[in-house]
Amino acid sequence: MKKLLYQFDTDALPSVFDNVVAHDGGADHVTAYGGVAAGNVGALVEGAIFTRGPADKKNTAVFIGGSNMAQAEAVLAAVRAKFFGKFRVSLMFDCNGSNTTAAAAVAWLAHGRSLAGKRAVVLAGSGPVGQRAAVLLAREGATVAVTGRKLAAVQAACATMKAQFGVDAEAIEAPTNAERGAALAGAHIVLATGAAGIRLLDAGQWQNHPTLELVADANASPPAGIDGVGMADRGVLSHGKVVFGPLGFGALKLALHRACIGRLFERNDLVLDAEEIYAIAKTMVG
Ligand SMILES: NC(=O)c1ccc[n+]([C@@H]2O[C@H](COP(=O)([O-])OP(=O)(O)OC[C@H]3O[C@@H](n4cnc5c(N)ncnc54)[C@H](OP(=O)(O)O)[C@@H]3O)[C@@H](O)[C@H]2O)c1
């Protein structure tokens, strides 16, 4: 029986990245739908849950993606609401690579050390990757702050994290590099999760910082989100800090994404969201 993955993407054009990784993760066939919303996903879910017998349902799975976290969350809720009894298939939620990227980054940051009691600042953390990274850093016991250009947007992201994961994160308005640098006062960890190609911090702001211990940047599109961080840095010691670049943890992100796809086809009732994906990342890191 063929392993079929249905990719539900909230964006008009479904992600090619997610499609390729789905094949590499073990799906025999991937059908990608764009423009999926809570209001139109119902019939798609029925097609997935009513077509195969109980023993065969594990060969059908759903992946939810897209660049808008709130819309993707609404799709996830709508999909789950259609399930009942044994009429369900396994699900993975990873809009914009949020869970797999954040899990890979935080798993590396926490690898071989405790983050408990550390102050972590997620720069431009209002996006999908930043929100999930903030949640996972908090799960590791760090005190978390999230910056963004407009306070209201960061506060909204923090409110979502609180509602969904019970995590308290401080919202900081920091629209300039100088203000983002100021937000790092007393911080031990900085993770940049800004949009691709956006410089958020200058080299001197972290290299001369008195308390920072861990520095990580998710942005793989030049210029670097944090100047002076090497693309492939993986636990590199630089200016007394341990540094991770986007490709440094990107290898784990890709392996994790593929592994999660593979898990979907082992049973028909799995839900892989932030915490489940992070648990898998912790077994793969290092
Ligand atoms: N290394 C990997 O393996 C990997 C995998 C996937 C993704 N990524 C990268 O991870 C990063 C985060 O992804 P994402 O999808 O969460 O990003 P995103 O939603 O595109 O952007 C994240 C945040 O960046 C801020 N931002 C946007 N334009 C800005 C500007 N001109 N100046 C300052 N801030 C700006 C926004 O926050 P405010 O509006 O609140 O300021 C936004 O919420 C991206 O760089 C992405 O390419 C890396």
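Which of the 21 residues around the ligand come nearest? The first view below gives the answer. This is a predicted model, in which local features need pLDDT of at least 70 and side-chain atom pairs count only at pLDDT 80 or more, while totals for chains, interfaces and linings use all residues. Residues are numbered from 1 along each chain as its sequence is written, and side-chain values use heavy atoms, with hydrogens and water left out.

View 1. Asn96, Ser126, Val129, Arg149 and Gly194 come nearest to the ligand; a residue counts as near if one of its heavy atoms lies within 4 Å. Look next for polar contacts, which are pairs of N or O atoms within 3.5 Å; within protein, one must be able to donate a hydrogen and the other to accept it, and residues adjacent in sequence count only if both atoms are side-chain atoms. Ser126 places a polar side-chain atom 2.6 Å from a ligand oxygen atom. From the backbone, a polar atom of Ala196 is 3.4 Å from an oxygen atom of the ligand, and an N or O atom of Ala218 is 3.2 Å from a ligand nitrogen atom. The protein covers 75% of the 930 Å² of accessible area that the ligand has on its own (Shrake-Rupley method, 1.4 Å probe; for residues, only the protein chains shown count as cover).

**View 2. Thr147 in strand β6.** Thr147 belongs to β6, residues 143–148 (strands are DSSP runs of E, at least two residues, and helices runs of H or I, at least four, numbered from the N terminus). With a relative accessible area of 0%, Thr147 is buried (buried means under 20%, exposed over 50%, partly exposed in between; 1.4 Å probe, protein chains only). The Thr147 side chain reaches the backbone nitrogen of Ala124 at 3.1 Å. Leaving aside neighbours within four places in sequence, Thr147 has contacts that include Val121, Leu123, Ser126 and Arg180 (contact means heavy atoms within 4.5 Å).

**View 3. Helix α5, residues 128–139.** Ten of the twelve residues of α5 are buried, so this helix is largely enclosed by the rest of the structure. Among the buried ones are Pro128, Gln131, Arg132 and Leu137. After α5 comes Gly141, whose phi is positive, near 95°.

**View 4. The largest nonpolar core.** Leu5, Leu137 and Val146 touch the most other members of this 55-residue core (a set of buried Ala, Val, Leu, Ile, Met, Phe, Trp, Tyr and Cys residues joined through side-chain atoms within 4.5 Å). Helix α4, residues 98–109, gives the largest share, eight residues.
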